[in-house]
Amino acid sequence: MSALNIKKGATSHSAYNLKSGYVDTVERHTLAILVENEPGTLARVIGLFAGRGYNIESLTVAETDHHGHLSRITIVTSGTPQVIEQIKAQLGRIVPVHRVNDLTVEGPSVERELALFKVAGKGDARIEAVRLADIFRANVVDSTLESFVFEVVGTSEKIDAFAELMRPLGLTEVVRTGIAALSRGT
Amino acid sequence: MTKAMTGAKMVVQALVDQGVDVVFGYPGGAVLPIYDEIFQQNHIQHVLVRHEQGAVHAAEGYARSTGKLGVALVTSGPGATNAVTGLTDALLDSIPILVLTGQVPTFMIGSDAFQEADTVGITRPCTKHNWLVKDTDDLARTIHEACHVATAGRPGPVLVDIPKDVQFATGTYTAKTGRRSHYNPQVKGDINAITDLVKALEKAKRPLFYTGGGVINSGDAATQLLRELVAATNFPITSTLMGLGCYPASGDNWLGMLGMHGLYEANMAMHDCDLMINIGARFDDRITGVVEKFSPNSKKAHIDIDPSSINKVIHVDIPIVGDIAHVLEDLLKVWKSRGRKTNAEGVSKWWDQINEWRSIDCLKFTQTGKVIKPQYALSRLEALTKKYDRYITTEVGQHQMWAAQYLGFEDPNRWMTSGGLGTMGYGTPASIGVQMAHRDSLVINVAGEASWLMNMQEMGTAMQYKLPVKQFILNNERLGMVRQWQELLHGERYSSSWSESLPDFVKLAEAFGAKGIICSDPADLDDAIMEMITYDGPVIFDCLVEKHENCFPMIPSGKAHNDMILGENADTANAIQGAGGALV
Ligand SMILES: Cc1cc2nc3c(=O)[nH]c(=O)nc-3n(C[C@H](O)[C@H](O)[C@H](O)COP(=O)(O)OP(=O)(O)OC[C@H]3O[C@@H](n4cnc5c(N)ncnc54)[C@H](O)[C@@H]3O)c2cc1C
Ligand SMILES: Cc1ncc(C[n+]2csc(CCOP(=O)(O)OP(=O)(O)O)c2C)c(N)n1
């Protein structure tokens, strides 16, 4: 048998099809995952994303039903429609996962994030920071003569916008909770 | 029933309640209390393997050949890490097994204690689910839940990690029916989707059943219903490596295995069909080849119990989530109630086309000269063992593909092979697991010499438990499959693909107390095989075969199904007439 005439580096050199399959638009989806609150569940969910190469843009988790031993994980992820479908199906396979809801497609939903901003400054910058915070309905949760800590609640876009405005005014630290989301209505 | 007992006793009690009769295992400090309990009872037989990987593959062989749960028991640390390959193998092939691991005492977890490993952490991605039990009161319930999870829905491996203090402590035993699990995958298919499929069946001119391991996972009812469906519709049927036996190889509608090393007619039919009915297969890359060119003009239906298998690789038009037996039952009902229609005329033309493809006889080979061709060895093995109550396991490589091509399987659960992970070293321990379940059957491991060396220590287990497993080694003194790729794709540069310094297999057999047979002359082969079959005990059969034989047909990756390389002997002159297209 003679060797096949295959160029070096060609896909056919591999046991796999090396070309990536679909070129498709990337969408951003918010998933609500109801899980049994047992050790390792979060590791399973995160391990799934890491192991299968999915993106996590935001992640929040806490027990939401102490009595029923249930926690709610909210993940914002992105991918092609096919990948998003796979992510949901793969999440559904995890044994302690009770339910996966795609808030992006299952009707209207509300999303909120909480962020704390430390802004250090004096003089006009300081006054400007307070003025803008007021417009954003941010609360001042700590203040010293040279700094504020603002608390902002809102959509991720609102928090991004606030961060942009604070940057030239002496923004030194930010912490964000990640997105919490619920579907609207009953 | 609730009862107070030690954790170690609970383990044995829970297994007995689950109907487990054999455990494959290897002791160590962290499981000694459980071994002590095993010693004091007669319900469960413990099989002492020679390596924990062997225990897990043996449990897989036991499970696949019986349709029941396979169980392995290993110690903490190295015992657990040695089990990882077997767990991953079972995950990829959907084999229901339970692995019990010992762990250091709860109060020492996290202290880098002696033989401590983060077993649940390490095995999280290679189990369907796993548990670390920290309280003896939870132990029995967890084992029952683990057995349920392993076998329900898409089967798979589960692991329960049991710290030593939990084994020693006394707690309350929870009986099997103690609590209902929230894990209950959907088994009934959506009736609208099933009806859509029936409508498609009625119209199809070039239909094809593409079946897989899921049929075998689903059980005997699924196999029966599938056979009924094939007979009633007269549609052709092919299967993946994992589904061999779900439809009899002697059946009229059987096209043979499909895929990278599948039969020409099966792959051509996949490429040209207008309705593909996937029943329990997962569009593996050994099947699809390059996805853009995969069966471009067909409507595709997919029946699978795991929603993540659907639309993962190939977009399908009619997805049906459910258990195959349940779905096929409904499918047949709906089809019959609508008048049992098919497009008989179209299907008959389709058969003409298929028979043309069949006529090229892609598995044809000629045995000439004094060297045994591996295809000849397997054809003779098939002819001489077919009438036996036979189970086949394999290792991984060319011999595995030839076994799939040249051996015929009439029933499910008769063919145990590592498909998804492709684990060399699977076959010997798997043959032991199979033989434990089927004491009086003929169990043959079709092996390559390189794979066989990977878990050959298990011959000791075969001897100890008087398991007459036959190790049929196609010895080409090469890592044949690797060598083939190097020949075809890497300019014949045979980098590290020679099996050097091989042992004398006959002497090796004798050293274990087994029988060794060597055969190199085609004229002696039949007698030698008969000697192997009739010998009452384990045999290592060293079958010296052609060293540079290639395994064909083959679809090189990046190519479509109608772009196969055929063997030199295939009747290619005939093939060109087919609608197929270019042959490389
Ligand atoms: C060297 C080598 C070469 C290979 N070449 C080939 C080849 O040429 N051809 C080939 O076919 N394979 C080949 N394989 C094997 C291949 O890698 C895959 O393992 C195999 O094709 C997968 O088989 P399957 O699609 O039947 O899926 P399986 O892995 O058996 O999966 C079963 C599917 O059925 C579903 N299922 C399980 N239980 C149920 C149920 N009760 N009801 C409904 N659905 C269920 C599962 O969710 C899953 O999707 C090769 C392997 C090796 C090592
Ligand atoms: C554990 C493991 N390591 C490496 C491989 C890669 N591999 C696949 S087939 C093969 C050669 C097998 O040789 P042999 O068992 O002699 O079988 P043959 O192909 O010659 O029939 C190798 C190294 C594998 N599948 N599994």
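Select ligand 1 and the residues around it: α10(B) gives the largest share of its shell, four residues. This is a predicted model, in which local features need pLDDT of at least 70 and side-chain atom pairs count only at pLDDT 80 or more, while totals for chains, interfaces and linings use all residues. Residues are numbered from 1 along each chain as its sequence is written, chains are lettered from A and ligands numbered from 1 in the order in which they are written, and side-chain values use heavy atoms, leaving out hydrogens and water.

**Stop 1: ligand 1.** The shell holds 37 residues, the closest being Gly213(B), Thr240(B), His261(B), Arg282(B) and Asp304(B); a residue counts if one of its heavy atoms lies within 4 Å. Helices are DSSP runs of H or I with at least four residues, strands runs of E with at least two, numbered from the N terminus. α10 (213–218), α13 (285–288) and α17 of chain B each supply at least two shell residues.

Now show polar contacts (pairs of N or O atoms within 3.5 Å; within protein, one must be able to donate a hydrogen and the other to accept it, and residues adjacent in sequence count only if both atoms are side-chain atoms). A backbone N or O atom of Gly213(B) is 2.7 Å from a ligand 1 oxygen, and a polar backbone atom of Ile305(B) is 3.1 Å from a ligand 1 nitrogen. The protein covers 96% of the 1000 Å² of accessible area that ligand 1 has on its own (Shrake-Rupley method, 1.4 Å probe).

**Stop 2: ligand 2.** Select the 17 residues around ligand 2; Gln398(B), His399(B), Gly422(B), Ser451(B) and Gly480(B) come nearest. α19(B) provides the largest share of this shell, four residues. Oxygen atoms of ligand 2 lie 2.6 Å from a side-chain N or O atom of Ser451(B) and 2.9 Å from one of Asn476(B). Here the protein covers 76% of the 590 Å² that ligand 2 has on its own.

**Stop 3: helix α22(B).** Select residues 505–512, where Phe505(B), Val506(B), Leu508(B) and Ala509(B) are buried (under 20% relative accessible area; exposed is over 50%; 1.4 Å probe, protein chains only). They sit on the same side of α22(B) because they cover an arc of only 160° around the axis, taken from the directions from the helix axis to the C-beta atoms. The face turned away carries the exposed Lys507(B), Glu510(B) and Ala511(B).
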